[in-house]
Amino acid sequence: MRAVLNRFLLVTLLSFGCSSQATLLRVKVEYNPSEDLACSLPAGSSIKEEWKAELLSREPEFLRIWEAQGPRFLAATEAISGKKFPSQEIIARLTLCNSPSESFPETGLITVNMRFALKSFTPEPVSMRYKVDTLFHELLHTFLNRNPIENSVLLKEHATEDERVRDHLHLLALQKAVLLRLNEPDELVNATNTEYLKYVAELSK
């Protein structure tokens, strides 16, 4: 079975404080069952046909939400930080492989694990909006890779933490700041704690 649904989202964003220069970020969302073939071959890693069928049928739902929310997320990120996303094409590959969602900034690839959004996979699936937020989360890894934080006092304070924890300190703070700026506190676990503000402040230096 081979089915590919591709959609380009072309987002033109005015840079912070400068209307004459724009960031051009292209996000291509796709699901290709053949891309999942290799990961489904090892024992215990099979991908059921009903999962594929449901994801193919619901991919347009994912795209509609991303097209409505994506430009707002990206614009708010740049407005808050005063920094820009890279002008490149990002491939956002939806996957049913038994692996976590990941970003690969060097290659411009993002994978979004869609298993737990499917009724055919779990009786209590997460919302498609949750998975769109996952895509945004992974895009923030690309953003921070493009805009590294130099001489971070806060990272020095967490020097003994696991690298994965350190990689998410500023990212999660920025993601929270974006959702609050867009008046979407319901998408957050804790919308009232203000600890995130000091991390956002470092991002905007």
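This report walks through confidence, aromatic pairs and pockets in one predicted protein model.

Residues are numbered from 1 along each chain as its sequence is written. Since the model is predicted, local features need pLDDT of at least 70 and side-chain atom pairs count only at pLDDT 80 or more, while totals for chains, interfaces and linings use all residues; side-chain values use heavy atoms, with hydrogens and water left out.

pLDDT is the predictor's own confidence in each residue, from 0 to 100. The protein chain averages 88, and 89% of the residues score at least 70. (Strands are DSSP runs of E, at least two residues; helices are runs of H or I, at least four; both are numbered from the N terminus.) Across residues 1-22, pLDDT stays under 50. Where pLDDT is low, the predicted coordinates should not be read in detail.

## Rings that pair up

Rings of Phe, Tyr and Trp (its six-membered ring) pair if their centres lie within 6.5 Å; planes under 30 degrees apart are stacked, over 60 edge-to-face, and the rest tilted. That rule gives four aromatic pairs. One of them is Trp51 with Phe121: the centres are 4.9 Å apart and the planes sit at 80 degrees, so this pair is edge-to-face. Trp51 belongs to helix α2 (residues 49-81) and Phe121 to the loop between β5 and α3 (128-146), so the pair ties together parts 70 residues apart in sequence.

Buried or partly exposed: which is Trp51? Buried means under 20% relative accessible area, exposed means over 50%, and partly exposed is in between (1.4 Å probe, protein chains only). Trp51 is buried at 8%, and Phe121 is partly exposed at 24%.

Phe73 and Phe136 are stacked, 4.7 Å centre to centre with 25 degrees between the planes. Phe73 comes from helix α2 and Phe136 from helix α3, 63 residues apart. Phe73 is buried at 0%, and Phe136 is buried at 1%.

## Where the pockets are

A pocket is an open set of points on a 1 Å grid over the protein atoms alone, where a 1.4 Å probe fits, with protein on both sides within 12 Å along at least five of seven lines; lining residues have an atom within 4 Å of a point. The largest pocket is lined by 21 residues, with His141, Arg166, Asp167, His168 and Leu171 nearest its centre. Helix α5 gives the most to this lining, seven residues.

The second largest pocket has 16 lining residues, and α5 supplies the largest share here too, with five.

Definitions and conventions: Contact means heavy atoms within 4.5 Å.
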